[in-house]
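Me: I've got a two-chain model open and I'd like to talk through how it holds together. Can you take my questions one by one?

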Amino acid sequence: MYDLLTAMGYQRWIIQALLVIPVIAAALVLALPASAKQVALWGALAEFVVSIGLWWVFDPTLATMQFEFVAPWIPAFGIDYRVGIDGISLFMVLLTTFTMPLAVLGSWKHIKTRVPGFYALLLVLTTGMIGVFVALDLFLFYVFWELMLIPMYFIIGVWGGGRRIYAAIKFFIYTFVGSLLMLVAILTIYHLVGRETDIYSFNYYHLLANIEVARPWAGWLFAAFALAFAIKVPMFPFHTWLPDAHVEAPTAGSVILAGILLKMGTYGFLRFAVPFFPETALDPRISAVVITLAVVSVIYGALVAMVQPDFKKLIAYSSVSHLGFVMLGIWAATIQSVQGAIIVMISHGVSTGALFLLAGMMYERRHTREIAAFGGIARVMPAFAAILTLVALSSIGLPGTNGFIGEFLVLVGSFETHPWATGIATTGVIFAAAYLLWAIQRLLYNREPSEENATLRDLSGREFAILTPLVVMILWMGLYPKPFLERIEQSARWFVVQVHEVDAPRFRLAAREDVEEQR
Amino acid sequence: MPEIVGWVWLVVLLPFFGFLANGLLSFVAPRAKTAVSVVGVGVLVASFGLAAGIFGGLLGHSDGAPFILTFWHWIPVGDLQVDVAFQVDQLSAVMLLVVTGVGMLIHIFSVGYMREDDGYARYFAYLNLFVFFMLVLVLGANFPILFVGWEGVGLCSYLLIGFWYTEKVNADAGKKAFIMNRIGDFGFLIAMFLIFKTTGTLVFTEVFGLAPETFAVDGPTITAITLFLFLGCTGKSAQIPLYTWLPDAMAGPTPVSALIHAATMVTAGVYLIARTNVLFAMAPLSSAVVAIVGAVTALWAASIALKQWDIKKVLAYSTISQLGYMFLGVGVGAVASGIFHLVTHAFFKALLFLGSGSVIHAMHRAYSATDRHEDAQDMRNMGGLRRWMPWTAGVMWIATLAIAGIPGFSGFFSKDEILAMTFARGHDEVLYYVLWGVGTLASLMTAFYMTRMMLYTFHGPNRTGERERDHLHEAPWVMTAPLLVLAAGSVLGGLLNLPHVLPFHGWLTEWFAPVTGLGEFYRAEMHLEAGTEWSLLGLATLIAAVGIFVAVRFLRPAKLQPAAEAPEETGFGKVLFRKYYIDELYDLVIVRPLVWLSDRVLWRGVDVGAIDGAGVDGSARLARGIGAIGSWLQTGQVGTYIFIFVIGVVVLLRAVSGP
């Protein structure tokens, strides 16, 4: 496979193809409005098939960027089209291309108005998201960051539920406040580095290599980045846009929000905020604040999820809880905790995406998201019940599913550096079981199905087609995560080294390696 | 390595295959009950046969070192290397036999018991899956793999407790079991983190090898690790304070109670301590805690069992109580004795549960034949059943004599050994004399409540009802035959580990020596004079006899009234009947406040009120307010503008020119 792809020059064109295919597909969708969803599905599938080659051609032994491509864009300001993929972005890209066909299929029956517009926006959104994950030029990154904001705003605002306008505006303003501050920070770094080195460039490496000159401002710059990303993650107390956006968005919107958009926040921390300003990020006071907020997010998200009457809101708050684990893992900065954080990012995308798709299937049948409206439906929808149970268990973190691997690695790694915070975060495993099993019970069990529920039909072929790949991923990542871990490993190691160069005493990684060599 | 040991993966995979096949059948052909039975029982028979072969292989190859079989690298990250690997040694081989052997008998019994259930295929799928996870639990060669089984059996327990899920109480019971177990799992996880942090590995053989050089005996680290592990055990094995899920778990089908909630899963905590006995040996404080909790739980649960009317509830509290003995055993350092009691208990308690299943089966059919909706599990509705069910009554008496501790039966030897070891430790520390006393008192209660259960169920006049009586009959042979096998085990199981004063003694203790040997160095010597041992044996016999005698002499089955007409309990009896109100207490102190906090304070208060109301929407209102002032000023009337302009100029001039 590797030789075949190499012969095709795959490494040189892959990223560009991934950015262009959705745009072409979007144009085709608008050109052929009668068969908009079919075109969108084929477009998303083509994108996914093309991206799969990354699995083989990606070299897991390298920590550096691969498939890099540079072309001047606005030379006058040192702005380039510069893209590349490493072990962190690899799975974010694959997660995106994997999710999009499912999101299209999940909208199949649900979207009935302005159909071509919806699918065109979904496809444009794909380009925006992939762009965020591959951009290695900070200006380009910012462009993609804003680019994905707009389609999402319309997807919620036009095709959303009853309070869609409120939710869309809240989503937009929350994110925009953060990203404007980030823009200021990017421009400041650009000028400081440019003035010092006489090379004005938004190149990620150039800025990273010379970031020392921004040290007097590090606190403010870090704060600006951190706020933008923390809103996106979202961390307590910047999370309140999420439940509204999730609940009001159509199924595809919720799936993409939870599956991919939230990961942009944690990705931003991994790629920019922490490597740029490690001494600020890991400053004991800042670190204490972030870790506290992460742990609060874990517990708070779980507790609030427990009492939600609306199933989508419950999933939304559970995301706050899961992403808290990611933040804890990033800040603990051990090799296990960082790899675990990235695995949680992937598996949260799979499991929570699946939960939202299942919630959408329920909504399409009963036109309500109220948990109390259901009950006993395992009787009439046994296959649905089986899959919902499996997905919920993966979200709870049952060993053998994807959820366990990430959570376990984050906790076991974070315990090395922050035992107390990790100990408290570990109680999250109890609350996760509480809120999901309680919801499952009220949805599937408890009574004979009521009159409205007694006639619900079980999963259709299309719905099986959506859920099967997700179930496969849940079990694959749970039983044999090694292929994922080894592709992530070098980049995670790079991150840990980058962070700990300024923090030698706590740098246990090198010490451990020495020990291993001696053995 | 004996060749047959290399096949251990098949022992595990066969039940998993059964799960897949039956799971598929439950969707495509739920009525194909013959196929389901053949697959469901067949995989267990094959599994048991192979397990017996492996045990035999180990018998002829007793140099002691465990065999490790590695299948694939599961979680390799930095210095954390977790493999999917099994460890076959003396301990896991015994557990293999118990799980597949008792499991096989209970599968056979289920063919009869569940025959008329619509969810037949689903039932066997879950039951097969349970056996799979239980085997992973006992075979895991490192903590995370053991944890896979640990959580997996919890999942199957959840699914099977709530098997008849359209009743809310059943679904509640399943959920309660899972969540209380998760509290224990929290402890298990923290223990793993501590072990990895201190030793840098999670593989059993490596951890136990490194333990002596890593931990200071009785130091804070090893004490913390073992206490957190024990927290995990209290959840899985239903000990104080996490025992309240087990009585509720009786909501599941009765064979499930026999397999999961008596013979195998709930003993996982005892197994875990036996597996990590080196660590516990290095932490005398934790071991003492284990022993104390075990003894107190034994007495506490036995006292509740005195006043239960539901036949399965009696057995559930009895199970909690007997598990307490096992923890007392491993807590005092008598690891082999703890596992010995685990094995004999698997025989007689599985027998008691299956026997009660036969009774309930008969009661249920009698009531449904006449369309009456009475409680088929309430002993007040039974009485005199031995006339219709002589075989069931006979084998259940055997099990009762075993659990009560009548000499010759298996439970006598295993329970006595634990109490004798506890007594022996009393020589150094008085605490253990107290624990011995507590255990002996619980033993008196055991003899009493078991005899009470048998009297009320099988003796005296029948209270089922005039018309129903004609429909009572013995269970079919597919259900009775497994009971006979278990009865044989309940009688002969004691031969595995006879007391020192008898010939052929201590076979199991010797067998386990390679597993327990590592910790031997840290344990206090436990030695009893032959005279003392004889006295203890005599005393134990006396206690059991007194318990049975008191029950027979003072209980009046003839005076009982059917449940519907029975008077309310009063006084302390009511406190016991209501299980000391512990469920109510937990609800009041933990569940309600937590829900209130989450709903009223965190969600409606912090989220909706403070962050959204004051923060987000507040800033929106502020922006809108400023805008409103601005638009209010823009009236469009030139006169107003000039007026404001003049005021502005005056103010500016004052400011610039100064005072």
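Me: How much area do chain A and chain B bury between them, and what percentage of it is on carbon and sulfur atoms?

Reply: First, a caveat: this is a predicted model, where local features need pLDDT of at least 70 and side-chain atom pairs count only at pLDDT 80 or more, while totals for chains, interfaces and linings use all residues. Residues are numbered from 1 along each chain as written, chains are lettered from A and ligands numbered from 1 in the order written, and side-chain values use heavy atoms, with hydrogens and water left out. Buried area here is the accessible area (1.4 Å probe) that two parts lose on being put together, summed over both. For chain A and chain B that comes to about 5,200 Å², with the share on carbon and sulfur atoms at 71%.

Me: How many residues does each chain bring to the contact?

Reply: Contact means heavy atoms within 4.5 Å. On that basis chain A puts in 67 residues and chain B puts in 49 residues.

Me: Which salt bridge links chain A and chain B, and how far apart are its closest N and O atoms?

Reply: A salt bridge needs a side-chain nitrogen of Lys or Arg within 4 Å of a carboxyl oxygen of Asp or Glu. Between chain A and chain B the count is one. The pair is A:Lys170 with B:Asp612, and their closest N and O atoms are 2.5 Å apart.

Me: Which helix of chain A gives the most residues to the side that touches chain B?

Reply: Helices are DSSP runs (H or I, at least four residues), numbered from the N terminus. The top contributor on that side of chain A gives 10 residues, and it's helix H19 (residues 428-444).

Me: And how do the residues on that side of chain A divide into nonpolar, polar and charged?

Reply: Ala, Val, Leu, Ile, Met, Phe, Trp, Tyr, Cys and Pro go down as nonpolar, Asp, Glu, Lys and Arg as charged, and the others, Gly among them, as polar. Sorted that way, the side of chain A that touches chain B has 42 nonpolar, 14 polar and 11 charged residues.

Me: Is A:Ser318 buried or exposed?

Reply: A:Ser318 sits in helix H14 (residues 311-332) of chain A. Leaving out residues up to four places away in sequence, it touches A:Gly301, A:Ala305 and A:Tyr435. The scale is under 20% relative accessible area for buried, over 50% for exposed and partly exposed in between (1.4 Å probe, protein chains only). A:Ser318 has a relative accessible area of 2%, so it's buried.

Me: How far apart in sequence are the parts that B:Lys307 and B:Glu569 tie together?

Reply: B:Lys307 and B:Glu569 form a salt bridge with closest N and O atoms 3.4 Å apart. B:Lys307 lies in the loop between helix H13 (284-305) and helix H14 (311-332) of chain B, and B:Glu569 in the loop between helix H23 (530-554) and helix H24 (571-577) of chain B, so the parts they tie together are 262 residues apart.

Me: Which helix holds both A:Glu489 and A:Arg493?

Reply: Their side chains meet in a salt bridge at 2.7 Å, N to O. Both residues are buried. They're four residues apart, about one turn, in helix H22 (residues 482-500) of chain A.

Note on methods
Helices (H or I, at least four residues) and strands (E, at least two) are DSSP runs, numbered from the N terminus.
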